Amino acid sequence: MTKPDEKFHTQITTPAPDMGTGPLPVEPYISAEFFEKEREKIFRRAWLEVARVEELPNPGDYVVRPIEVLKTSILLVRGKDGVVRGFHNVCTHRGMAVAICDKGNAQGFICNFHGWTFDLDGRLKGLPGEEYFANLDRADYGLRPVATDTWNGFIFVHWEPEPKIGLREFLGGMATQLDDYPFARFNHIARYSARVKANWKTFIDAFHEAYHVMMVHRHTVPDACAGQENPYGLLSTARIYGPHHSGSVWVNPNHKPTPSETLAWKYGMSFAPGDMVDLPGLNPDKSANWWFDINVFFPNFFIDVGPGWYFTYNFWPVSVDESTWEMNIYQLDAETAGQKFAQEHTKVLLRDILYEDLSTLEFAQKAMGSGVLKHLPVSEMEIAVRHQLHTVQEWVNRP
Ligand code: FES
Ligand SMILES: [Fe+2]
């Protein structure tokens with residue numbers, strides 16, 4: 001008779017592909033050739049999250065998003081009809097940017113080079129000296145559109161003018177899980193960003209497993225998601241939705257709060273482990289000892305949802321060994337000074353935790369690039385790391 005396995009395991013509650021248990025190759029994290037394939041086969045073929053609708057509340061509001069991996073800059077603008085449209089921020093005359101501020105409100109756009117003008121829906125309205133251009137039809141020289149669509153207030157763009165798969169279909173079960181989460185009720189309270197000499201997957205992989213928490217975060221949340229029952233920080237449950245995945249972070253019921261955490265939870269809701277707020281889409285498997293969910297939208301966007309807050313990460317490749325990252329934190333209205341204190345506690349606790357997360361990336365990337373390691377042994381505790389690379393390889397190998 002075999003002894004029953006008494007170890008803590010992550011329950012995978014959706015169908016999952018066979019991803020094997022062997023080590024992962026280092027090559028995809030360091031190869032410039034592989035990176036070029038990722039650019040073509042992943043970033044030019046996936047819907048990419050770029051903004052929230054609250055950033056453009058009124059007609060004429062616009063934001064500019066440089067996307068280095070696509071070698072372009074995207075201009076998102078809300079038209080007079082209320083529709084948010086996306087364009088390449090490129091003048092169709094000789095290529096100057098038509099919007100030179102990163103956000104604002106405009107009646108239309110005037111190119112700073114020779115003064116061509118475009119209206120909010122991208123049409124070329126006028127050009128100085130038009131009579132000197134031979135046979136130029138204005139209708140041919142509108143701003144080049146980018147496929148743009150919105151899910152639950154998140155604006156996504158797609159490199160292909162007519163994507164084969166619509167946004168909703170692409171998001172699949174990942175969107176269904178969060179369809180009813182009330183993102184629109186939350187306020188943006190903080191933004192953190194960084195530019196790091198690390199591959200985008202090295203970067204992402206540090207953010208969707210909790211195995212590192214007891215070491216990397218030993219000064220901030222040392223006992224938060226590992227404890228007697230689950231000593232190494234496995235996720236409670238995980239869900240795989242095609243290329244996307246979602247994991248519920250286990251919380252240690254014996255976590256010892258710091259005095260400031262105790263105070264934050266006395267008056268409001270903090271990122272530190274504490275009470276549960278029941279919002280649709282949270283803790284989808286109703287795991288016991290639940291802290292928060294990490295929802296990873298392939299290829300590079302996270303929405304982590306917890307009690308009274310959610311935050312997002314966008315990881316943007318620059319080159320094979322350089323990436324940029326942006327975090328946006330959102331919270332419910334703070335109605336009292338105590339709730340405001342709890343929100344400030346979240347803001348600074350997350351800042352400290354993120355500094356810790358950023359501390360490992362450049363060392364790891366440099367070491368992988370040295371050629372010393374050929375493969376990486378990855379455990380059940382790092383199931384999301386395995387699934388991310390599995391999906392990347394699948395997309396890169398597509399015709
Ligand atoms: S490049 Fe824009 S008007 Fe010439
Ligand atoms: Fe971390």
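Arg123 is exposed, with a relative accessibility of 52%, where exposed denotes over 50% relative accessible area, buried under 20% and partly exposed the range in between (1.4 Å probe, protein chains only). Its side chain meets that of Asp119 in a salt bridge, with an N to O distance of 3.5 Å; a salt bridge is a side-chain nitrogen of Lys or Arg within 4 Å of a carboxyl oxygen of Asp or Glu. Asp119 counts as buried because its relative accessibility is 15%. The model is predicted, so that local features need pLDDT of at least 70 and side-chain atom pairs count only at pLDDT 80 or more, whereas totals for chains, interfaces and linings use all residues. Side-chain values use heavy atoms, with hydrogens and water left out, residues are numbered from 1 along each chain as its sequence is written, and chains are lettered from A and ligands numbered from 1 in the order in which they are written.

The structure holds 20 salt bridges. One of them joins Asp293 to Arg239, with the closest N and O atoms 3.9 Å apart. This pair links distant parts of the chain, as Asp293 lies in strand β16 (residues 290-297) and Arg239 in strand β14 (residues 237-241), 54 residues apart. Helices (H or I, at least four residues) and strands (E, at least two) are DSSP runs numbered from the N terminus. Both Asp293 and Arg239 are buried. A further salt bridge connects Lys347 with Glu344, the closest N and O atoms being 3.1 Å apart. Both residues belong to helix α7, where they are three residues apart, about one turn of the helix. Glu344 counts as partly exposed, at 31% relative accessibility. Glu68, Arg195, Lys197 and Glu322 are joined into one network by salt bridges that share partners.

His212, in the loop between α4 and α5 (213-216), and Asp357, in helix α7 (residues 337-358), are 145 residues apart and link distant parts of the chain. His212 is buried at 15% relative accessibility, and Asp357 is buried with a relative accessible area of 6%.

The largest pocket contains about 780 Å³ of space. On a 1 Å grid over the protein atoms alone, a pocket is an open set of points where a 1.4 Å probe fits, with protein on both sides within 12 Å along at least five of seven lines, and lining residues have an atom within 4 Å of a point. Grid points are joined across faces, edges and corners, and a volume is the space filled by probe spheres set on the points. Of the 32 lining residues, Val50, Glu55, Arg65, Arg191 and Glu326 are the closest to the centre of the largest pocket.
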